[in-house]
Amino acid sequence: MSRLNSILSKDNLSKKDLIYLLSLSDEKDIEELFKWANDLTIRNLGNEVYLRGLIEFSNVCSRDCKYCGIRKSNGKVNRYTMENSEIIKAARWIYKRGFGSLVLQSGERSDSRFIEWVDHILKEIKNISNGELGITLSVGEQTQETYKQWFDSGAHRYLLRVETTNQELYQKIHPAGYQLNQRIEALERIQKCHYQVGTGVMIGLPGQTIEDLADDIIFMKQKDIDMIGMGPYIPHDNTPMAKLVKNFNPEKQLQLALKMIAVTRIYLKDVNIASTTALGALDQKGKRKGLECGANVIMPNLTPDKYQKEYKLYANKPEFLASLRKDFKALKSEIKAAGKNIGFNKWGDSPHYFKRTKKERIEN
Ligand code: 5AD
């Protein structure tokens, strides 16, 4: 048996194994890795892909992360905040189309007006969908009280990317005063409030090593994470970090991101993994490729067109086309091309969450 096959057949991979898999460079080996991850996904989670309609409801942000196009000090962005009626309209569309759930994402704010507003929107969405639409929030670090309030108002999943688990690198890509441990503590607060917890990292950051990525995967397992959203880092011109990137190679970056998805699937097994928008920014078929190597969730962007232009976290971020109907058809055929079916009208929760909470109930 080849070294690759003997590693893939193991029950418990070591850090060394993870590094080996992430470092594969032979095309055939990579293909084998992707196939293994895809087979495992189908075995553990079935053949369905779950949809989350993404609404980027505001690009106003109080943070100044050095990689992000909507960072506070990027003066070239027109700041917007969607009207309630626009958010509800998008939510209705998502509901009627049978997506089963949506994601509300925005820049980070923690003022009380924002907290109450999000709370109101959560209740409205629950109301117009007879409680049927699942709601994921992705609005950054908040207090335990806020996380609890939003959970009680109907959000049941929360995404907060840790971005990288390497302390030094975390410091480098954020302004002074942003701490990795604050981020991790926020994830713990989310978990305490009974959400399904999602996190993830950026892949291919300047200065990031393969060992860092292996540590990220191990972190996600240690923290009992339920959902993973991660994607390639893509430089954005109006950010300080873009200056650190020389010879950006989209193909290599995509390949590394796909390997990361595959290895994460193999190591974590039963979590939900999203095939993220950033994959699609590097390659038209990027999202399909993600579904073919371990991802089982897609988050089509349903932010109204006029706002999408202003929510550019990175260069070439694809916009969902003006005609939703047309694009929905394209999305369906991409999912079909990946050999998968859409799980309509389902929340598509992470099986890991149920196992984790069952274990917790038994232990307590
Ligand atoms: N490239 C890739 N991903 C990015 N994000 C922000 N900026 C970039 C970039 N330049 C990701 C971060 C954040 C998520 C909302 O978008 O991981 O958590």
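Tyr158 is buried, its relative accessible area being 0%; buried denotes under 20% relative accessible area, exposed over 50%, and partly exposed the range in between, computed with a 1.4 Å probe on protein chains only. The model is predicted, so local features need pLDDT of at least 70 and side-chain atom pairs count only at pLDDT 80 or more, whereas totals for chains, interfaces and linings use all residues. Residues are numbered from 1 along each chain as its sequence is written, and side-chain values use heavy atoms, with hydrogens and water left out.

Eleven aromatic pairs are counted, where rings of Phe, Tyr and Trp (its six-membered ring) pair if their centres lie within 6.5 Å, and planes under 30 degrees apart count as stacked, over 60 as edge-to-face and the rest as tilted. Among them, Tyr147 and Tyr158 have ring centres 5.0 Å apart and planes at 80°, so this pair is edge-to-face. The pair links distant parts of the chain, eleven residues apart: Tyr147 lies in helix H6 (residues 144-152) and Tyr158 in strand S4 (residues 157-159). Helices (H or I, at least four residues) and strands (E, at least two) are DSSP runs numbered from the N terminus. Tyr147 is likewise buried, at 0% relative accessibility.

## Other ring contacts

The rings of Tyr353 and Phe354 are also edge-to-face, because their planes stand at 75°, with the centres 5.3 Å apart. Tyr353 is buried at 15% relative accessible area, whereas Phe354 is partly exposed at 43%.

Phe57, Phe114, Trp117 and Trp150 are linked by ring pairs into a cluster. The charged end of Lys221 sits over the ring of Tyr267, 4.6 Å from its centre; this term requires NZ of Lys or CZ of Arg within 6 Å of the ring centre and within 35 degrees of the ring normal.

Strand S2 (residues 101-106) is largely enclosed by the rest of the structure, because six of its six residues are buried. In a regular strand, side chains alternate between the two faces of the sheet. Both faces of S2 are covered, with Ser101, Val103 and Gln105 buried on one side and Leu102, Leu104 and Ser106 on the other.

S2 runs parallel to strand S1 (residues 48-58), to which six bridges join it; strands pair if DSSP finds at least two bridges between them. Ser106 is the bridge partner of Ser58. Five bridges join S2 to the parallel strand S3 (residues 134-138), where Ser101 stands opposite Gly134.
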